[in-house]
Amino acid sequence: MRLARDPGGRPVPPPVQGRWVFLVKKGYQEVDPSIQSSVITKVKGVAFTNTSEMGKRIWDVVDYVMPPQGESVFFIMTNLIITPNQRQDTCAENPGIPDALCYRDQDCTPGESVISGNGIKTGLCIKIGNNISGTCEILAWCPVEKKDRPESALLANAENFTVYIKNTIRFPRFNFSKTNVLDTKDDAYLKTCRYGAEQPYCPIFSLGKLVSWAGSSFQEMASEGGVIGIQIEWDCNLDQAPSECNPHYSFSRLDNKFAEKSISSGYNFRFAKYYRSATDVDFRTLIKAYGIRFDIMVNGKAGKFNIIPTVINVGSSLALMGVGAFLCDLVLLYLLQKSNFYRGKKYEEVRSNTRKSLPESTINGNQSGNQSVDSLSQLNQLGQLQTVET
Amino acid sequence: MRLARDPGGRPVPPPVQGRWVFLVKKGYQEVDPSIQSSVITKVKGVAFTNTSEMGKRIWDVVDYVMPPQGESVFFIMTNLIITPNQRQDTCAENPGIPDALCYRDQDCTPGESVISGNGIKTGLCIKIGNNISGTCEILAWCPVEKKDRPESALLANAENFTVYIKNTIRFPRFNFSKTNVLDTKDDAYLKTCRYGAEQPYCPIFSLGKLVSWAGSSFQEMASEGGVIGIQIEWDCNLDQAPSECNPHYSFSRLDNKFAEKSISSGYNFRFAKYYRSATDVDFRTLIKAYGIRFDIMVNGKAGKFNIIPTVINVGSSLALMGVGAFLCDLVLLYLLQKSNFYRGKKYEEVRSNTRKSLPESTINGNQSGNQSVDSLSQLNQLGQLQTVET
Amino acid sequence: MRLARDPGGRPVPPPVQGRWVFLVKKGYQEVDPSIQSSVITKVKGVAFTNTSEMGKRIWDVVDYVMPPQGESVFFIMTNLIITPNQRQDTCAENPGIPDALCYRDQDCTPGESVISGNGIKTGLCIKIGNNISGTCEILAWCPVEKKDRPESALLANAENFTVYIKNTIRFPRFNFSKTNVLDTKDDAYLKTCRYGAEQPYCPIFSLGKLVSWAGSSFQEMASEGGVIGIQIEWDCNLDQAPSECNPHYSFSRLDNKFAEKSISSGYNFRFAKYYRSATDVDFRTLIKAYGIRFDIMVNGKAGKFNIIPTVINVGSSLALMGVGAFLCDLVLLYLLQKSNFYRGKKYEEVRSNTRKSLPESTINGNQSGNQSVDSLSQLNQLGQLQTVET
């Protein structure tokens, strides 16, 4: 039994329930809820940064999109901490890590790994100058990462990047395919259009708009990272023309932006580029990447007129009407003051032959001939049978 | 209420509806629709290319499969454009990009990024020879990509590659596990078999066959790229032996092959290999990869006899029969010409004591004793009650 | 119609079916089965290895987690075979591959690829010393991989690594969001807690525990590889306080651990790090990685009181009661020995005026006045109407 809600999720009043299921919920249609979907994404945009560490540098799609395959989940790096030229070596652990604090070499058990740290303790305590405390020396990728994230996003103008989302769907039962790319003769349209209230069928989205539609600030997200969900909903009535079957987009922030704790806010991860020097030593550039992950989720169903669900839904609706009769009976027979009178009218005692009651029953027939065996068993089921002899 | 369709999706005629739901749709079984699935894939094959750019070269799985993890979505590179030795530098933008066209330096606003281009304009207009027009100079990964895709796929013999798909499923409610790998004693079987009509339970697929089953030409897809969906369907009747629970495969093309527009046909993406020179300069090899993405989707349900759904389904079927009685009543009482006569037979007027109608009622009892209170309230519900006094 | 099962999946006895659906299955609630979910994972831990091949080496998260993005599917490398310094060259194929066996050059057709091998045959047969058989020379990434996996896992202490799983869910219909991270003021809690029976709401899991809860041995899995499924289940009653809506975790092994065949046990894949030498020659380090893949699957639904499903479920339950009456009738009228007697009581023959039977009917009325037209049509539907003339 379906719940009674209109497409917006608001409940409908009970009296219109029957017609509602049939007309609004399209009870006369066969429904295919199994949608086959394929998503291809392509980001476009170039950013320029000028930092003391890297100098002037251009970032293109290959640099900042991960993974590169253009799948339905992709990450755009908007902020980063670079630690270049890490080698397998020994060095002092990051002073910010509590477990690495030491006062003498005995505080650094050799072979023990630093909790939430970057390596294995060698057994030395490294102090700078005349400090009484220092940090344990570790075997690690050295030097270790410095722990401060640029306050404002390095790739701040990622706000102007665009992503082209190509979604092809198929309803196998009806052998119906459609794509979210508007079927237009105008080649230039797809190069210049941007999704929005005026162009709801344009498949090209501005990253800044995507984030603002999800209710967040782009620059804040770009700095700390986060996850945006893009829902594509196909609700197709195939009794109409294929051009009426169109996607509806909605956007929401999926990570918990209200979390205040450093451990649970934002989105970041580390990756590295591995190199080998001319002298065959491995080294790497460690990058802690902050940015926005986009998760594209496709849902949908298609309906088409079919005689079977029509018959079943008409039948079920009529069957539900019987409930009213049953409830009226209950009220008349048991709840009203004069229910005894109605009971007398409705039920007749049927006596079996073996009890030699046939003659009596024939006589009684004149007075209580309106009792039906059907209703008798109905009461039986409720465990309330009272045989009234007249 | 389930729709009446046979497993092939064809509707069944209404008269057999009741039995159909119970026997064909296995209404006597408890169903577990929540399948747990794990997919591991492994591609095998080696390709040889001989181009002026790269010379003789071997491509193995590690070179052409992305991502390497062997998940349920994987991409096989079959064609590519290589742009080696890109460095962060200034160079002329690709002449094919409209926004880079310039006649004098003023056409190239410094700091502006080229729309759909590769970098940021420096403010110079670079002309070759005596041409009156040129392209803006940009800060970018230089040299920029040349925009022509090899007509025929470079890794054309990827058609002979094979992919081994290992799918293990589990129905948690019944604690039933199964894999799509045939349980055979013959070790050699899994090394030589190929999925097909003769070997429907072999888990090794030829890429060329996969594409042709999806209705496409491999060489065309290999050149332009595309997406193939592989559906694995498990529909298990656990009242039978476990060996009867087998996967069914189907194949379809998921990207829109009919799209003519260059922006929306095929499948490609760019990625790069990053290097660092002996003098610590970063450079990269940019690769625009065309190829086939395979999406493996696993669905399934399992059913097993259980007394509860049996009872409920038998009950519901019987309840539906009551609809017929109700409809017959409606016809007899309101639609037939002689409906007045039947109404007289079916309904009796019940007068309340307070209206001192008891004696009258007793007399009428002889003539209209067959009226049931049940049916009276039933009519009430339809809003059509007519008390007929005799 | 829902199946009758309690939350644990056990069937309930039929007599309590009606009340059961309404109270235990919360038939008075509107249900939102569409959960929006976002998963962010972060692994922590450092491993130390000392092998003849690589010397002393530290492995951190960036080295052993793939892909690095922290998505819901991630792989932790625990064992590996390294083949460093592979170049495009010619060399002898691995002797373990049957198709590469040769006795003379004619056995190695030039240009043919080695089945399940690493390259393309050049046409030479390479024999070592005085052996009568050898292996074909191939064009490949040389030297080819040596085929033996370390018996015990190289990164054995991955057992102590931890993974932080941050799962934010949202029920769009009720606009309700929640995260699996316990909402606590105690900052240190999230740095020291570990999920377990005592701390069911801590989001940090020890890898060793995860594997043991799934019923496997960590060291065995670490050596051969495997897939672990982590199910997160949200079943929220939003009529209660939000703090009552909590995740439930379950763990299972998804690959088939019982498979004995080498081709289908464990989980591994190959990837490479690509380098370029000072003389512009490409070379790579091939890594065959064994390890554990974790698949996090999130399911859930939320319910909240709503008048519509309440009315529908009450109605349906009452309607089902009618089935009992109908069954009792069938037994009384057709299966009992004295069914003729009840039939006589229940049905009256109604004669039409056209057959001039009205007078007769009036007379009969006294004897069979208890026959209802309703029941008559009910029988009609069963195709068993027998008009009994008296």
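Me: In β12(A), which residue is the bridge partner of Thr162(A)?
Reply: This model is predicted: local features need pLDDT of at least 70, side-chain atom pairs count only at pLDDT 80 or more, and totals for chains, interfaces and linings use all residues. Residues are numbered from 1 along each chain as its sequence is written, chains are lettered from A and ligands numbered from 1 in the order in which they are written, and side-chain values use heavy atoms, without hydrogens and water. Strands are DSSP runs of E, at least two residues, numbered from the N terminus. In β12(A), Thr162(A) has as its bridge partner Ser206(A).

Me: How many bridges join strand β2 of chain A to β10(A)?
Reply: Two strands pair if DSSP finds at least two bridges between them. Strand β2 (residues 36-44) of chain A runs antiparallel to β10(A). Here Ile40(A) stands opposite Lys166(A). The bridges joining β2 and β10(A) number 9.

Me: Which residue in the hairpin of β10(A) and β11(A) takes a positive phi?
Reply: β10(A) and β11 (residues 176-179) of chain A run antiparallel, joined by 4 bridges. The hairpin has 4 residues between the strands. The positive phi, near 50 degrees, belongs to Asn175(A).

Me: How many residues of β10(A) are buried?
Reply: Buried means under 20% relative accessible area, exposed over 50%, partly exposed in between (1.4 Å probe, protein chains only). In a regular strand the side chains alternate between the two faces of the sheet. Both faces of β10(A) are covered, with Tyr164(A) among the buried residues on one side and Phe171(A) among those on the other. The buried count for β10(A) is 10 of 10.

Me: Is Asn160(A) buried or exposed?
Reply: UniProt, in an unreviewed entry, places the feature "glycosylation site" at Asn160(A); positions follow the numbering used here, feature names are shortened, and annotations may be inferred rather than shown by experiment. Asn160(A) lies in the loop between β9 (134-142) and β10 (162-171) of chain A. Its relative accessibility is 61%, so Asn160(A) counts as exposed.

Me: Is the disulfide of Cys91(B) and Cys142(B) left-handed or right-handed?
Reply: A disulfide is a pair of cysteine sulfur atoms within 2.5 Å. The sulfur atoms of Cys91(B) and Cys142(B) are 2.0 Å apart. The torsion about their S-S bond is about -80 degrees, so the disulfide is left-handed.

Me: What is the torsion about the S-S bond of Cys102(C) and Cys125(C)?
Reply: The sulfur atoms of Cys102(C) and Cys125(C) lie 1.9 Å apart. This disulfide is right-handed because its torsion is about 90 degrees.
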